[in-house]
Amino acid sequence: MSEIVLGANQYGKAETRVVRIVRDTARHEIRDLNVSTALRGDFAAAHTHGDQSQVLPTDTQKNTAFAYAKEVGVASPEAYAVALGGRLLDATPAARQARVAVEEYAWDRIPVGGAGHDHAFVRRGGEVRTVVVTVDGRGDDRRVRVVSGLQDLVVLKTTGSEFRGFLKDEYTTLPETHDRILATSLTVRWRHDVTTPEQVAHLDADASYAAVRALLLETFATTYSRALQETLHAMGRAVLEAHAGLAEIRFSAPNKHHFLVDLAPFGLENPGEVFVAADRPYGLIEAVVTRSDASDAGDTWLGTPGFL
Ligand SMILES: O=c1[nH]c(=O)c2[nH]c(=O)[nH]c2[nH]1
């Protein structure tokens, strides 16, 4: 008679979003990791008898990932992963092997005045340039409207951001913060002040796009933020002040929360160095910045999701 037997198994914590900031000097460094750990070995009793005595909880594995980001640091994802895997194996007698997989998201310093900013970063890759036009009328009555934009431009600053003084009620638990990570994935669209195909033909759209993008980044980097709302307004204002040919600009910006990890239970201080990057829920901040005498937008925004 055949028997039913336990086959291959492993267990661990997947996709712990560890963000490590080095802030010993004014020029901060960031390592942004997605860490998955797994233990392999003799965990048969856990499966067949519900015996947890040899099981190092996945919650502990996650805590170790954060604690090691502080204690060992992240000189490289390789060095960090080897240290973490070694620790998990040592802490678990029944384990024969630890597997640690790390994905790293690359951040570049935002260029400001020819140099990279000390604490403001833009995530490499993934960003998309967008264009929406509407065309109305026939023959000499032809009218066009042009909206340029970008989406998924992910930016982050490791200091120079606070959120405090907000309205509180009996459901408010958020602590006030004088120094937090501010991060968002920007979707931005701006409408050119053009109405005819001839005007569009004279537009250097590529140069305009590059200049607006650079100004958005530079303003994000150099403006102290009391809220994402204020930062969006500052970016919109800077763009409209510098580009007379633009009528309005619209933002949709998820607040990509980074929460300070409590390392006190492990006897470690965490002065703004180790964060967990949360993906949901997120604040969603949206705003239109326009000229008071902007040309009529007509139906231009109709059918563009995510915009007011
Ligand atoms: O920049 C922010 N704006 C908010 O409206 C808000 N609300 C919140 O909980 N955190 C933040 N951060």
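How many residues of the shell around the ligand are nonpolar, how many polar and how many charged? In this predicted model, the shell around the ligand divides into four nonpolar residues, three polar ones and no charged ones. The residues that surround the ligand are F163, L174, A227, L228, Q229, N255 and G283.

**The two domains**

The domain assignment of the protein gives two parts, with domain 1 covering 16-105 and domain 2 made up of 111-257 + 268-290. The C-alpha centres of domain 1 and domain 2 lie 35 Å apart, and where the domains meet, 15 residues of domain 1 are in contact with 13 residues of domain 2. On the side of domain 1 that touches domain 2, the elements that give two or more residues are β1 and α2 (58-71), and the largest share of that side, five residues, comes from α2. Sorted by class, the side of domain 1 that touches domain 2 has eight nonpolar residues, one polar residue and six charged residues.

**Positions annotated as active site**

An unreviewed UniProt entry places the feature "active site" at K13, T58 and H257. These positions are spread over 245 residues of sequence, and they are also spread in space, with up to 22.9 Å between C-alpha atoms.

K13 lies in the segment before β1 (16-22). Leaving out residues up to four places away in sequence, K13 touches T37, T58, Q61 and K62, and T58 is itself one of the positions that the UniProt record lists under "active site". H257, in turn, is found in the loop between β9 (246-255) and β10 (258-260), where, apart from its neighbours within four places in sequence, H257 is in contact with A278 and Y282.

**Positions annotated as binding site**

The unreviewed UniProt entry also places the feature "binding site" at T58, D59, F163, R180, Q229 and N255. These positions are spread over 198 residues of sequence, and in space they are spread as well, with up to 37.3 Å between C-alpha atoms. Among the residues that surround the ligand in the model are F163, Q229 and N255, and the UniProt record includes F163, Q229 and N255 in its "binding site" feature.

R180 sits in the loop between β7 (143-157) and β8 (182-192), and, not counting residues up to four places away in sequence, R180 touches S161, E162 and F163. The place of N255 is in strand β9; with residues up to four places away in sequence left out, N255 touches T184, L228, Y282, G283 and I285.

**Burial of the annotated residues**

| Residue | Other C-beta atoms within 10 Å | Class |
|---|---|---|
| K13 | 19 other C-beta atoms within 10 Å | partly exposed |
| H257 | 18 other C-beta atoms within 10 Å | partly exposed |
| R180 | 22 other C-beta atoms within 10 Å | buried |
| N255 | 18 C-beta neighbours inside 10 Å | partly exposed |

Why is R180 counted as buried? A residue is buried if 20 or more other C-beta atoms lie within 10 Å of its own, and R180 is therefore buried because it has 22 such atoms around it. K13, with 19 other C-beta atoms within 10 Å, is partly exposed, and H257 is likewise partly exposed, with 18.

Note on methods: Residues are numbered from 1 along each chain as its sequence is written. This is a predicted model: local features need pLDDT of at least 70, side-chain atom pairs count only at pLDDT 80 or more; totals for chains, interfaces and linings use all residues. UniProt positions are given in the numbering used here, feature names are shortened, and annotations may be inferred rather than shown by experiment. Helices (H or I, at least four residues) and strands (E, at least two) are DSSP runs, numbered from the N terminus. A residue is buried if 20 or more other C-beta atoms lie within 10 Å of its own, exposed if 12 or fewer, and partly exposed in between; C-beta atoms are placed from the backbone. Two residues are in contact if their C-beta atoms, placed from the backbone, lie within 7 Å. A residue is near a molecule or strand if its C-beta atom, placed from the backbone, lies within 6 Å of it. Ala, Val, Leu, Ile, Met, Phe, Trp, Tyr, Cys and Pro count as nonpolar, Asp, Glu, Lys and Arg as charged, and the others, Gly among them, as polar. Domain bounds come from an automatic or database domain assignment.
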